[in-house]
Amino acid sequence: MRFAYFLSFFDRDNPGREVDRATLDRVGDIVRSTPYLKRGLVFHADQSAGQHYPADDAPPQLALQLYFDEIAHLESAVARDGHLQQLALPQTLPDLAAAEAEQQAMIVRRFAVPEPARDQPVSEPFCTYLVHYPGPAEDLNAWLDHYVREHPPIMAKFPKVREAEVCSRMDWLGFLPWPRVDYMQRNKVVFDSGEDLVAALNSPVREEMRADFVAFPPFSGGNAHYPLTTQEFLP
């Protein structure tokens with residue numbers, strides 16, 4: 001899975017609202033049937049983890065991360081006549097008609113963790129801690145080099161972490177109707193539950209993460225962290 005398409009919706013006027021089950025089911029059906037899709041993730045706010053580690057900003061009411069092996073497959077899905085144009089139909093996301101949306105395609109880097117197998121079935125939701133760095137960095141090459149070399153080995157030390165991933169920006173073709181963003185990087189760690197995320201963030205590994213953060217090459221734009229309940233869809 002070398003490429004990922006991200007799509008997020010933020011209702012700034014009603015940040016605490018939740019997307020209803022019917023909407024999640026419609027989105028899941030579209031995601032699952034996407035041609036060439038390798039893996040689809042649908043996110044919404046994780047209330048259990050958010051009580052202890054609130055997001056830096058209100059989390060998205062709905063977000064997607066869709067994986068593809070080839071950039072041509074991703075671009076086909078978001079083309080003028082692509083399968084994911086169904087997401088833009090008025091009847092698909094009526095509750096999010098007034099939400100702000102953002103989209104981006106990125107290169108995926110996955111990293112090994114000691115215990116990747118989740119305890120629950122694939123059909124059960126889990127928890128993702130999704131982070132983005134809008135940038136810019138003074139020297140993006142130096143910044144990414146440090147991050148990719150130094151940060152994932154620390155991420156992999158979190159107790160009960162199931163996945164560790166870093167995504168970086170790229171040029172891409174697509175015609176879904178929402179604004180694009182060009183964040184220099186996103187990363188995530190995955191846990192079985194919000195409770196496991198909270199335990200990990202209270203572990204000594206958090207201090208190692210902070211120490212490495214201080215060592216990052218210069219950058220601006222800050223970052224944002226979102227604890228998100230995640231549903232996985234496989235083709």
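This is a predicted model: local features need pLDDT of at least 70, side-chain atom pairs count only at pLDDT 80 or more; totals for chains, interfaces and linings use all residues.
Which element gives the largest share of the lining of the largest pocket? The answer is helix 6, with four residues.

**View 1. The largest pocket and the residues around it.** About 290 Å³ of space lies in this pocket. Its lining is made of 17 residues, and those nearest the centre are Tyr133, His151, Arg206, Met209 and His225. Strand 5, helix 4, strand 7 (185–191) and helix 6 are the elements that each give two or more residues to the lining. Sorted by class, the lining has 10 nonpolar residues, four polar ones and three charged ones.

View 2. Helix 6 spans residues 205–214, and its buried residues are Val205, Arg206, Met209 and Asp212. These four cover an arc of only 125° around the axis, so they sit on the same side of helix 6. What do they pack against? Their partners are helix 4 (140–155) and helix 5 (194–201). Now look at the other side of helix 6, where Ala211 and Val214 are exposed.

View 3. Find His132 in strand 5, which covers residues 126–133. Is His132 buried or exposed? Its relative accessible area is 9%, and because buried means under 20%, His132 counts as buried. Beyond its neighbours within four places in sequence, His132 is in contact with Tyr183, Gln185, Arg186, Gly222, Asn223, Ala224 and Tyr226.

View 4. The structure holds 15 aromatic pairs, and two of them are shown here. A pair of aromatic rings is described by the distance of the centres and the angle of the planes. Tyr5 and Trp172 form an edge-to-face pair, with 6.0 Å from centre to centre and 70° between the planes. Tyr5 belongs to strand 1 (residues 3–10), while Trp172 lies in the loop between strand 6 (163–169) and strand 7, so the pair links parts of the chain 167 residues apart. Both Tyr5 and Trp172 are buried.The second pair is Phe10 with Tyr226: the ring centres are 6.1 Å apart and the planes meet at 50°, so this pair is tilted. Phe10 is in strand 1 and Tyr226 in strand 8 (residues 224–233), so the pair ties together parts that are 216 residues apart in sequence. Phe10 is buried at 4% relative accessibility, and Tyr226 is buried too, with a relative accessible area of 5%.

**View 5. A cluster of aromatic residues.** Which residues form one aromatic cluster? They are Tyr133, Trp143, Tyr147, Phe213, Phe216 and Phe219.

**View 6. Ile107 and its surroundings.** Ile107 is found in strand 4, which covers residues 100–111. With a relative accessible area of 32%, Ile107 is partly exposed. Leaving out residues up to four places away in sequence, Ile107 touches Arg2, Phe3, Val166, Cys167, Ser168, Arg169 and Met170. How many residues lie between Ile107 and Arg186 as a separation in sequence? They are 79 residues apart in sequence, and 9.9 Å apart in space from C-alpha to C-alpha. Arg186 is also one of the contacts of His132.

Key
Residues are numbered from 1 along each chain as its sequence is written. Side-chain values use heavy atoms; hydrogens and water are left out. Buried means under 20% relative accessible area, exposed over 50%, partly exposed in between (1.4 Å probe, protein chains only). Contact means heavy atoms within 4.5 Å. The arc is that of the directions from the helix axis to the C-beta atoms. On a 1 Å grid over the protein atoms alone, a cavity is a set of points where a 1.4 Å probe fits but cannot get out, and a pocket is an open set with protein on both sides within 12 Å along at least five of seven lines; lining residues have an atom within 4 Å of a point. Grid points are joined across faces, edges and corners, and a volume is the space filled by probe spheres set on the points. Ala, Val, Leu, Ile, Met, Phe, Trp, Tyr, Cys and Pro count as nonpolar, Asp, Glu, Lys and Arg as charged, and the others, Gly among them, as polar. Rings of Phe, Tyr and Trp (its six-membered ring) pair if their centres lie within 6.5 Å; planes under 30 degrees apart count as stacked, over 60 as edge-to-face and the rest as tilted.
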